[in-house]
Amino acid sequence: MRMRLFLVLAALVAAPFSALASGIPLGELPNTARPTAYRVALTIDPGKADFSGTTEIDIETSAPLTEMFLHGNGLVVSRAEALTGRMAPNKARYEQLNTTGVASLRFARPLPPGRHVLRFSHKAPFRTSTSGLYKAEVAGRPYAWTQFQAIDARRVFPAFDEPRHKAPFTISITAPDGMKAFANAPEAGTDRLPGKQLRHRFETTGPMPTYLVALAVGDFDVVDGSIPPNAVRKEALPFRAIATKGQAARLGTTMAQTPAILTIIEDWFGTPYPFPKLDVIASPIHGGAMENSGLIVFDDTLLLLGEDAPPSQLRSFGIVMAHELAHMWFGNAVTPRWWDDIWLNESFAEWMGNETAAKWRPDLGVGIGQVQGALYAMNLDSLAEGRPIRQPITDNADINSAFDGITYSKGGQVIRMMGGYLGEERFQRGVRRHLERHWNGTATSDDFFANMAASAGDPRLVPAFRSFVDQRGVPLVRFGTAPGGAYSLSQERFRPIGVPDFPEQRWLIPVCAASGEGRQCAFLENSTGALAPIIGTAPWVTGNANGAGYYRFDLPPADWDRLLAAGAALPAAEALTAADSLWAGFTAGNGSFARVLAGARAFARHEDRIVSPFLAGRIIAFAGTAGSNADQAAAARFARDLAAPKLAALGLNPARGAYAAEAADRRQLRQIWAAYAVIEGRAEPESARLADAARKALAGDADALDPLFRTTAFRAALRADPKLAGPLFEALAASDDPLFRRQAASALGAEGGPALLDRTADTRLQNLEALGMISAQLANPEARTEALGWLERNLDALRPRLGGLLGGFVDSTAVFCSEADAARVDALFRPRLEALSIGALDLDRPLARIRLCAALKAERGAEASAALTALN
């Protein structure tokens, strides 16, 4: 509603024109004008409703123009003119032409070819969700941050808002005296102004695209430091960590560990960090992180870590910090020319973030998490509805769809697969060649493929990359027996029950199998191929060595039997991909549910936190969405039976610090199985023990409950005594610990019932906490139907506060399992796609997952139910 209002106001001020007969450029702007520099001066007071500014853009035009296209979204433009040399200003009329922010300037007299300056005066409202210049109140103080990727710089100032248009920025921010201001470049100076205002002037940046511009204003805590020189970077790097007032003490881990992560990355690239400073800043509603050059924004939970931060929070910090720092080279120094190549930025940073974090803290189990992410992407990529990694983008409305699990997790795994096939030295050499050739400029996917192939001396890399990047779907590699211990290979598209047949597809797949003592690889270029005998005499063989391949596999029955017999002893990555392929076979109609149950027992004995409960989790989730009450009860007993020996060996003491001296992987394994025992299995005495610890913690005993167990313990306590919802909600609202707040919100949402969702309107909750409560209730099989009904009644009321954040929430509805459920979800969201700033695919995917569940239930539900019943 607010955006529509400002579009009307802008039209009244700017005397709008009708769209050109030639049409609006919905994708790339015409090449008749390009920016060469920006000067942006903004007045930002996050305590107010609006901000204002003036913007000057130096441009070069290649032809006479009476009008020009650029970008602006929701801006009230009170002045627009062009300056050419000493000529009088050339007045222009500004008009926003569509909802994605394509705008036009029509000049009073023709603009000749050459150099000009565009000058604007403008204002706009602050946003309340993470797009453009957004604000939030924390402990009664207002703050503002920016999020411009993908196309939201245009919400703050007029711009040529495309990645190919890299230009220097000179920025100044006028803010209330007493507030701090930050931007991409170091601060050059300040000027005191009337009305207790302070103007902050920043140095001019190097060339960068608009989506990497960043600003922040507020009464922030700042911890100053520097990162010492190393073998690659010869100068100390100014480094600051920034957070809302009172949070400085929680920035210790960030200040201490970021230098080590950056050093690993600099060493791998062989070139120093490319910007004059590194600031990292926390936001309570960001929900992730953004790689703005010199001023990286993170969600609070990623930067604000307590002294007893659980391993999962440390792991997220390391992965995301490394991911964003990798972008400084891959994305910022070398930028994609257009949005259809943004996948390469994110895929490479996804791979690099995991690789770097694994080197930083090998004990946190980072590597296996990357494999888990790839398996999630395979689930998306197996649906009838989807997209390839690299998808042509011809309309601004389709840009946001490029930021999904396919881009991040599938793309990251494809990078990992090709890198593993080449070996680190050849892969690293190709990446360095690519960066050197395009430094401070732009590049395309084809540039990257060519540089990798040339550096590796293997031209097959180009079609191999393209076979995964340019087509949808997951390959299924079938292994068959062949003489002398060899294997025959064949490939086809993996197709679960409920997905229609596709035309025949073929990939160029680096297939690597392992036995634990040896490894053998083959490049599967055709529909069939062969794999030489695998070196070694280990009693098992798996079809995806180190879990590095982006494919699922099927083995001869005897090989599956040997693999399951060795389940607990398998390397983690091999075990996880084997478990996934076993479950995938069942969903495709190729394996029995009895074998899945056997696999769950076998892999439950594994010591890895993800492998151990993987198949048990699939069984419980299937029973929870597709099964009867009896099936769910049987699955709960199965979870208790699997968890009991694990917890008997590990122990379960929920007190703070009880396991602080243990290795991180053992602590994480205990946390996971405690959750399965209590949440899924409702096991006693574990549930009572954790509920008691939660009650004591809420009563003020800070040592009763370790952060590792908070969410599970709070859920157990709420089940035992629903009246605890009130005290827990008040504890959440009063806390300044971001992790505690998220954990409490998740527990309240899962166990509080639909009535508690009414409290998401409480302004003491941050936006992401409110969304977390709703998502958690949808994830609970006992509450999800009522939660959907609550959404149907309240979605429109949520929109003014939560705005675009609701778009990412649509996927949370993929927890149902009938056509009737799919119809309800479709009716709820389809009419609101534009209002939620999402595309049709963002809704079509969860609908496809609901229908896929329904198809699997219809074809194999009876078999699964009989197998679960037989467990009694």
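Let me start with Ala-139, which is exposed at a relative accessible area of 70%; exposed means over 50%, buried under 20% and partly exposed in between, with a 1.4 Å probe and protein chains only. This is a predicted model, in which local features need pLDDT of at least 70 and side-chain atom pairs count only at pLDDT 80 or more, while totals for chains, interfaces and linings use all residues. Residues are numbered from 1 along each chain as its sequence is written, and side-chain values use heavy atoms, leaving out hydrogens and water.

Back to Ala-139. Its phi is positive, about 50°, although the residue is not a glycine. Ala-139 sits in the loop between β8 (132–138) and β9. Helices here are DSSP runs of H or I with at least four residues, strands are runs of E with at least two, and both are numbered from the N terminus.

Asn-440 is also not a glycine and has a positive phi, of about 65°. Asn-440 is found in the loop between α8 (424–438) and β21 (442–443), and is partly exposed at 43% relative accessibility.

Most residues other than glycine have a negative phi, and most peptide bonds are trans. Where are the cis bonds? One runs from Gln-149 to Ala-150, with omega near 10°; Ala-150 belongs to the loop between β9 (141–147) and β10 (169–176). Another joins Glu-684 and Pro-685, with omega about 10°, and Pro-685 is in the loop between α16 (664–680) and α17 (686–698).

Now the helix pair. The axes of α5 (residues 342–360) and α7 (residues 405–422) come within 7 Å and cross at roughly 70°. Axes are lines fitted to C-alpha atoms, for helices over the stretch in contact, with angles from 0 to 180 degrees between N-to-C directions. That makes α5 roughly perpendicular to α7, a label for angles of 65 to 115 degrees. Residues in contact (heavy atoms within 4.5 Å) include Trp-343, Phe-348 and Trp-351 in α5, and Tyr-408, Ile-415 and Arg-416 in α7.

Last, confidence. Mean pLDDT, the predictor's confidence in each residue from 0 to 100, is 92 for the protein, and 97% of its residues reach 70 or more. Over residues 1–22 pLDDT stays under 50, and the model has 32 contacts beyond four places in sequence for them. Where pLDDT is low, the predicted coordinates should not be read in detail.

How values were computed. Parallel < 35°, antiparallel > 145°, perpendicular 65-115°, else oblique.
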